[in-house]
Every structure is written in C-alpha cells, then in structure tokens.
Amino acid sequence: MTVPSNSITLLYADDIVFISSSAASLQTQLDTLNNWSRRWRLNVNIDKTKVLHVRKATVARSEFVFKIGDKIVDYTSQYRYLGLTVSETLDYNISVNELITGSSRALGSLVSKYYSTDGFDYDTYTKLFESTVAPIMTYCAGVWGFKAYEGLDKLQNRAIRSFLGVGKFTPIPGMTGEMAWIPVSIRNHCQMIKLWCRIVNMHSERLPSRIYAWDCSFSRNHKDTWYNNIKSIMNESGLDTLFNSKCTDGLSTKFISNFAKDMLMQKYQITWEKAVEAMPKLRTYRDLNTTYSVQPYLKSGISRHERSAIARLRCGVFPLEIEKGRYRGVPADRRLCKVCRTGSVEDEKHFLLHCPTYSLQRNRMFMDCQQRYNCNFDNMSDMDKFKFLLSAGVKIVSKFITNISDIRTQTLMRKN
C-alpha cells in the first residue's frame with residue numbers, strides 16, 4: 001500500500017492511524033486504504049473507524065464528509081490509542097482523568113489487600129504502589145506531565161492516608177513528610193526528561209525527532225509548547241547546559257533522570273518546609289520532623305493500628321481536646337483536659353508525658369524504654385522525651401498510646 005508522501009501513517013499490530021494537515025489529503029489516504037483492502041479482499045471495520053479533527057477549542061469542527069468506499073466515516077470527539085485518550089482539542093485533562101480512573105481501581109485493589117492481610121510493612125507497600133499504581137498514573141507522562149493535576153495528587157495522598165491510618169483532615173505536608181514519596185509532579189517531570197533523552201538520541205528522520213524539530217521552531221512565537229515546557233523543567237533541574245547542547249553528551253538516561261530528580265527534590269524540600277511552618281495543626285510535627293525523609297517508625301515493625309496511633313499523634317490529628325476544640329471554636333488556651341481536670345491544655349505533650357490519669361502506665365513505659373534502649377529519662381527535657389518516644393521508642397510507645405487511649409475513652413464515658 002502506497003500512501004501520499006505528505007502524510008503520516010502509524011502502524012501497530014492491526015491498528016492503523018492516518019495523520020494529515022488537510023481534509024483532502026486524509027481522504028486520499030482513506031481511498032488508498034480502501035483500494036488496498038479491496039485488492040486483498042479485506043474489510044475495514046467502519047464502526048471502529050473514526051475521524052478526529054484536532055484543533056483549537058474556538059475552531060469549528062470540519063464539515064468534510066470522509067468515506068471509505070461508499071461508507072461514511074463518523075467524527076469523534078476523542079480517541080483512545082495505545083492506552084491514551086486523545087481529545088479533539090488536545091485537552092490533556094481528559095487523558096489524565098482516564099488514567100486517574102484506572103489508577104484508582106488499582107489502588108483500591110492494593111488497599112483492599114493491605115487491610116485483608118492486616119497491613120504490609122513500608123517497603124512492601126511502597127514497592128506494590130510503585131509497581132501497580134504509579135505506572136498507570138504516569139503513563140505517557142512524558143507528553144502531558146508538564147503541569148500539576150489535582151486528581152493525581154489526591155490519588156497518591158489517598159494511598160499515603162491508607163498506609164498511615166490517618167483521616168482526610170490530616171495536613172498533607174505532615175503525612176507526605178512521613179512517607180517521603182516522590183511527589184507526582186516530580187515523577188512526571190522526570191518522565192518528560194526521559195522522553196527528551198530518547199528523542200535527542202534517535203535518528204533525525206524518525207517521526208518523534210521530526211515533530212520535536214518542528215516544535216522547536218514553532219516555540220519561537222508560542223509559549224505553551226512541549227519544547228518550552230521541557231526547557232523550563234530542565235533549567236529548573238540544573239540541566240540547562242545539556243538541553244542547549246541538544247544531546248545527552250554520552251550520559252545515560254537513568255543518570256540524567258536521577259540527577260534531575262535529586263535537584264527537584266532539593267527544591268521541593270524548601271517548599272515542603274514552608275508548608276509545614278504555615279500550618280497551625282502541625283505545631284507538634286515541626287518539633288519532630290524537619291526533613292522530607294522516611295520516618296524510622298514506619299520501618300520499625302509495629303502493627304497497622306499502632307502505626308496509625310503514632311502517625312495521628314505526630315500529625316496533630318489525634319482526638320485530643322487541642323484538636324477537637326478547634327472545630328467547636330474553643331480558644332487554644334481553653335482546650336483543657338477533661339480526663340485529669342488539672343486545668344492543663346490537653347495537647348500531645350500533656351497526653352504523652354504529664355496527664356496524671358496515666359501515671360502508672362507511663363512509669364511502666366519509661367522503665368521498659370530504659371531497659372531496652374538504655375536511656376535515662378531523668379536527664380532529658382520534656383521536648384527530648386517527646387522526640388525520643390515518637391521516634392526511636394515507638395515499639396513500646398505505640399502500645400502505651402493504644403492502652404491510655406482506651407483508658408481515656410472509658411474515663412470520659414464514665415464522667416459523661
């Protein structure tokens with residue numbers, strides 16, 4: 001089959017895609033296909049054959065009537081090709097929403113197994129997410145990953161919440177700082193850099209390379225282009241010299257991608273620190289974690305329920321008066337402990353270190369910690385004790401928190 005020289009034809013298995021800049025040229029391609037099919041006694045499935053007129057949203061759809069033989073080919077507003085939905089206005093929100101739907105199903109399956117087995121450890125859960133959910137989230141991100149998509153961020157945050165056992169009102173900077181997963185935007189930017197590496201290393205006559213060269217020329221007079229977006233990302237990643245050289249200088253794609261990821265993560269650390277500082281709920285968290293890194297207690301082998309108790313206490317969403325009073329409009333200095341009635345504000349430090357109702361359990365916990373970790377609490381300040389208990393000593397403290405939380409609930413029920 002011979003097609004017009006000014007056309008583009010994509011072949012994959014039993015799929016064929018014709019691309020043309022004019023209706024007449026596309027009709028010529030369809031006529032060529034029809035003649036070839038008749039010669040070899042093959043039928044074209046007209047129900048699965050569609051015309052997609054790619055254009056700006058302000059431009060009306062073409063009124064040209066396309067035919068294969070005597071059969072009219074219908075127009076469509078979007079088309080799914082090799083797993084990616086392409087819309088007639090190249091609205092990548094439509095493409096990404098399709099990926100979000102698929103990713104959400106994969107995550108639902110992962111979370112279901114997580115609960116049915118009473119939890120995985122951090123490394124297993126992360127590996128499963130990276131293997132089953134992330135590949136769907138970032139599918140073809142090299143093309144569309146230049147901007148942030150709220151739905152993808154929400155999906156990754158949902159996965160983090162499920163593992164930590166925290167609620168939807170948990171501050172995002174807190175819970176993401178505990179897990180220290182790579183942010184979705186950085187994943188996508190790295191995918192774009194990988195695609196750039198592939199394009200600049202391929203033969204100049206290949207279609208992606210030709211499109212890239214055209215986009216480079218087109219970008220001189222237009223801002224919102226893939227070329228300008230990847231240029232901005234590589235500049236931000238410290239790869240501007242490499243980009244301007246229009247080659248990878250013998251460096252592997254993996255090396256370049258990892259370098260970009262490290263640079264982008266360093267900048268994200270600063271953004272994350274500002275976000276933590278700006279959130280009142282993270283009053284406790286700021287004392288416990290200052291770096292965007294995996295927190296040791298997540299790898300300590302504690303149970304799912306114990307992990308949840310630690311995470312909620314660290315992130316400031318444990319059901320204490322300091323948190324519950326916020327929703328009743330009670331001033332912070334009047335959110336008093338209703339268990340001990342000492343007139344103290346029931347915050348995380350009071351709950352863990354000072355409330356006299358839990359003195360017996362607390363003393364036993366301190367003794368266990370001293371025996372296991374060879375630490376001397378007598379020489380520690382309250383802040384040092386607090387940091388130690390919610391970091392290094394979580395195996396013992398998690399059981400203590402679960403125990404005194406039950407005591408707190410029972411005490412309040414009796415008093416009410």
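Tutor: Glu321 is buried, at 4% relative accessible area (buried means under 20%, exposed over 50% and partly exposed in between, with a 1.4 Å probe and protein chains only). Before going on, a word on where this comes from: it's a predicted model, so local features need pLDDT of at least 70 and side-chain atom pairs count only at pLDDT 80 or more, while totals for chains, interfaces and linings use all residues. Residues are numbered from 1 along each chain as its sequence is written, and side-chain values use heavy atoms, with hydrogens and water left out.

Back to Glu321: its side chain meets that of Lys338 in a salt bridge, 4.0 Å from N to O. That term means a side-chain nitrogen of Lys or Arg within 4 Å of a carboxyl oxygen of Asp or Glu. Glu321 lies in helix α15 and Lys338 in the loop between α15 (321-328) and α16 (348-354), so the pair ties together parts 17 residues apart in sequence.

Now for another pair. Glu130 forms a salt bridge with Arg187, and their closest N and O atoms are 3.0 Å apart. Since Glu130 belongs to helix α3 (residues 122-132) and Arg187 to helix α8 (residues 184-201), this pair links parts that are 57 residues apart in sequence. Here Arg187 is the buried one, at 10% relative accessibility, and Glu130 counts as partly exposed at 32%.

Glu150 and Lys154 both sit in helix α6 (residues 150-164), four residues apart, which is about one turn of the helix. Their side chains meet in a salt bridge at 3.4 Å, N to O, and both residues are exposed.

There's also a network: Arg55, Arg61 and Glu88 are joined by salt bridges that share partners. Altogether, the structure holds 16 salt bridges. The idea behind them is simple: side chains of opposite charge can pair when their charged atoms come close.

To put this in context, the protein chain has 58 positive and 39 negative side chains, where Lys and Arg count as positive and Asp and Glu as negative, leaving out His and the chain ends.

Methods: The place of a charge is taken as NZ of Lys, CZ of Arg, CG of Asp or CD of Glu. Helices (H or I, at least four residues) and strands (E, at least two) are DSSP runs, numbered from the N terminus.
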